[in-house]
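Subject: A structure for you to explore

Hello,

Here is the structure I promised to pass on to you. Please open it and keep it beside this email as you read.

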Amino acid sequence: LAEPIARISNREDECTGRFWEGRFKAQRIVDDAGLLACAMYVDLNPVRAALAESPAKSVHTSVYDRIEAAKGVQIPSAAFDLVPITTQEAIAQRSKPLEEQRQERKAKRKRTAKKVLRDSWLSPLSLSPETQSNDPQVHQGGTRASDKGFLRIDWSCYRKLLDWVASNKPSDGAVGLPKALSEASVSCGIVPEMLSDLVWNFKKYFSRCVGGAESMSSDAERIGRRWHRGQRRAAACFG
């Protein structure tokens, strides 16, 4: 799949080279605790790279869009003008000269003046209490793919955890969380004293599989392996 995507992208952009960075890789997330650690790791990328002082200043991240949306900030949405087309119409569109395609895309971007909250393109952060099924929940408004959340904590709690971890880079592995946040960390299956180290040093703990030691062990057994790399180190971080 990656190679056809690369060829199409390079042809459209009139360039050559690989579509993904050389360090690109997929990691399997096997439990809720691993998902929380991964989400925080991604949202704090600009902070860890010293490109931003805090999540609130990390422009071009999903957490920044959620923070701004909580303030009522809106952005234009081209999604209101999108209409489904058949496969034949898509093929015909791709066959047009490159410059004509670019002009049509440019005209579409100028077509709407409608606005949505800045995070409307994102799925909700929190799973609803009644969510039991793993099936997708298709969004009917046309601005995002799914109405299904992915974390078992609310946005307010996640924001506090993220801000605290961003301001408390670990020096020796263990850093104590405030009591209120400790309870949230425990409820998600992560040892509070290890949350900051887990997020800041994510690559030290995880390679191809992300989650608690027991979940990683079960996944390794499922694919016919004895263990996953980092499984022993992760055991100290997950309750």
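Below is what was found in it, going from the whole chain down to single side chains.

Please keep in mind that this is a predicted model.

**The whole chain**

The protein chain has 239 residues, and 37% of them are buried. Its secondary structure consists of 12 helices and 4 strands. Among contacts with a separation of 6 or more, 63% are between residues 24 or more positions apart. The accessible surface is about 15300 Å², and carbon and sulfur atoms account for 52% of that.

**The nonpolar core**

Which residues have the most contacts inside the largest nonpolar core? They are M40, Y158, L161 and F206, in a core of 41 residues. Two or more residues come from each of α2, α4 (62-70), α7, α8, α9, α10 and β4 (209-210). If you click on F206 and set aside its neighbours within four places in sequence, you will find Q27, L198, G211, M216, A234 and F238 in contact with it.

**Aromatic rings**

A pair of aromatic rings is described by how far apart the centres are and by the angle of the planes. There are 5 aromatic pairs in the structure. In one of them, Y41 and F202 are stacked, with 4.4 Å from centre to centre and 20° between the planes. Y41 sits in helix α2 (residues 32-43) and F202 in helix α10 (residues 202-205), so this pair links parts of the chain that are 161 residues apart. Both Y41 and F202 are buried.

W155 and Y158 make a tilted pair, because their ring centres are 6.4 Å apart and their planes are at 40°. These two residues are 3 residues apart in helix α7 (residues 155-167), which is about one helical turn. W155 is partly exposed at 23% relative accessibility, whereas Y158 is buried at 0%. There is also a cluster, in which ring pairs link Y41, F202, Y205, F206 and F238.

Next, have a look at helix α8 (residues 179-187), where L181, S182, A184 and S185 are buried. Viewed down the axis of α8, the buried residues fall within an arc of 160°, so they line one face of the helix. On the face turned away from that buried side are the exposed residues K179, A180, E183, V186 and S187. The cover over the buried residues of α8 includes α7 and α9 (195-200). After α8 comes G189, which has a positive phi, near 90°.

**Salt bridges**

The count of salt bridges is 9. One of them joins D32 and R152, with the closest N and O atoms 2.6 Å apart.

Another salt bridge joins D219 and R222, whose closest N and O atoms are 3.0 Å apart. Both lie in helix α11 (residues 213-222), about one turn of the helix from each other. D219 is buried, with a relative accessible area of 7%, while R222 is exposed at 55%. Salt bridges with shared partners join R28, D219 and R222 into one network.

Enjoy exploring!

Best wishes

Conventions:
Residues numbered from 1 in each chain as written. Predicted model: local features only at pLDDT ≥ 70, side-chain atom pairs only at ≥ 80, totals over all residues. Heavy atoms only, no water. Phe/Tyr/Trp six-rings, centres within 6.5 Å; stacked < 30°, edge-to-face > 60°. Buried < 20%, exposed > 50% of the residue type's maximum accessible area, 1.4 Å probe, protein only. Arc of directions from axis to C-beta. Contact = heavy atoms within 4.5 Å. Areas by Shrake-Rupley, 256 points an atom, 1.4 Å probe, with all protein chains shown as cover. Core = buried A, V, L, I, M, F, W, Y, C linked by side-chain atoms within 4.5 Å. Salt bridge = Lys/Arg side-chain N within 4 Å of Asp/Glu carboxyl O.
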